[in-house]
Each structure stands twice: as C-alpha cells, then as structure tokens.
Amino acid sequence: MRDIAYKCLNEKCNAIFHGIDLEGICCPLCGDCVVPVGEFEDYFIKDIPSYKSLKKTQLSGNQMVSEKSIEEFRESGMLWLINNLLHIFGWAVVVETDGDKVVRMYPARVKFRGFSEKSNTDGYISVSRYMNDNAEELLKEANE
Ligand SMILES: [Zn+2]
C-alpha cells in the first residue's frame, strides 16, 4: 500500500493531507472532491496532516460539540496538559486502563506533582503534533 498526498479541490478549503488506500475519499474537512498530488515521499511528514487526524478533529457544519474518546484525549496530549495545571493545586484527572483500553476516568486529589522526564517528553511531542495537525482549523474556528 502506498501513502499518497491528496489536495482538496474546494478553493476555500485547499486541505492537503495524506493517507494509505484512500480510494473514493472526500475531503475530511469540507467533504468536497480531492485529487492525488503525489507520492507521500515527495513531502515532509511534518508538513502534511493525515486524513485520520483531520477527520477526527473536524466539527462539521454548525456542530458546536463533538464527543471524543478518552483514548483520543490522551493521545492528543490534552490529558497530560490539563494534569500539569491540576498538579499545581494537588488535583489530577486519573485514567485507569486495562492494557490499552480505558476502563475508568475520574478527578482525584493527589500528593505528587509533575511527571517523569519521559512522560513530559511524550506529552510535549503529543501536544506539538496535535497543534501541527490542527493549527489551521483552530485558527479558522477562532476567527469565526
Ligand atoms: Zn476540503
């Protein structure tokens, strides 16, 4: 399977993204037609978000709220980010897992502060990746 870069044909949208085996797909942001614009190797990975990352973060039309999974909340780095703030006050949002599956999430009073160096490195990477993948959409929403 090849990873291919696509471009949205809607001039107001102009989304560029990549994905594997995306035959018959529409733009994950506006739903318009897309055309392949090259093999993914032609682009730097940091410059193009994936189809999946655009699709899952997008709020469609007038939709104001879109429920997300706790797994996605964690993967985006948002849980780590909010817990960094909560630790100042001795609180945290705790996620209990069974393997990769989240079984429970609850607020808690905690005695520890901050995270390990590895957790912080992973957290900064996750949040930076999220910002890189969503900056355009976030700016658009902020200006609406
Ligand atoms: Zn589009």
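Me: Helices and strands here are DSSP runs, numbered from the N terminus. In which pattern do they follow one another along the sequence of the protein?
Reply: The model is a predicted one. Its secondary structure comes to four helices and five strands. Read along the sequence, these elements give the pattern β-β-β-α-α-α-β-β-α.

Me: Which helix of the protein has the highest mean pLDDT among the elements?
Reply: Over the protein, pLDDT averages 85, and 89% of the residues score at least 70. Among the elements, helix α1 (residues 51-57) has the lowest mean, 77. The highest mean, 97, belongs to helix α3 (residues 78-88).

Me: Is V34 buried or exposed?
Reply: V34 lies in strand β3 (residues 34-39). A residue is buried if 20 or more other C-beta atoms lie within 10 Å of its own. V34 has 24 C-beta neighbours inside 10 Å, so V34 counts as buried.

Me: How many Å separate the C-alpha atoms of V34 and C8?
Reply: Leaving out residues up to four places away in sequence, V34 touches Y6, K7, C8, L9, I25, C26 and C27. One of these, C8, is 26 residues from V34 along the chain. The separation of their C-alpha atoms is 4.3 Å.

Me: Which element gives the most to the largest nonpolar core?
Reply: The largest nonpolar core has eleven residues, among them Y6, C8, C27 and V34. At least two residues of this core come from each of β1 and α1. With three residues, the element that gives the most to this core is β1.

Me: What percentage of the residues of the protein count as buried?
Reply: The protein has 144 residues. Being buried takes 20 or more other C-beta atoms within 10 Å of a residue's own. The share of residues that count as buried is 14%.

Me: Is N14 exposed or partly exposed?
Reply: N14 sits in the loop between β1 (3-8) and β2 (16-20). Its phi is positive, about 55°, although N14 is not a glycine. N14 has 13 other C-beta atoms within 10 Å, so N14 is partly exposed.

Me: Where does α4 bend by about 65°?
Reply: Helix α4 (residues 117-143) has 27 residues. From its first C-alpha to its last, α4 reaches 36 Å, close to the 39 Å expected at 1.5 Å a residue. The bend of about 65° in α4 is at N134.

Key. Residues numbered from 1 in each chain as written. Predicted model: local features only at pLDDT ≥ 70, side-chain atom pairs only at ≥ 80, totals over all residues. pLDDT = per-residue confidence, 0-100. Buried ≥ 20, exposed ≤ 12 C-beta atoms within 10 Å, placed from the backbone. Contact = placed C-beta atoms within 7 Å. Expected span 1.5 Å × (residues − 1). Bend = angle between axes of the 7 residues up to and from the residue. Core = buried A, V, L, I, M, F, W, Y, C linked by C-beta atoms within 7 Å.
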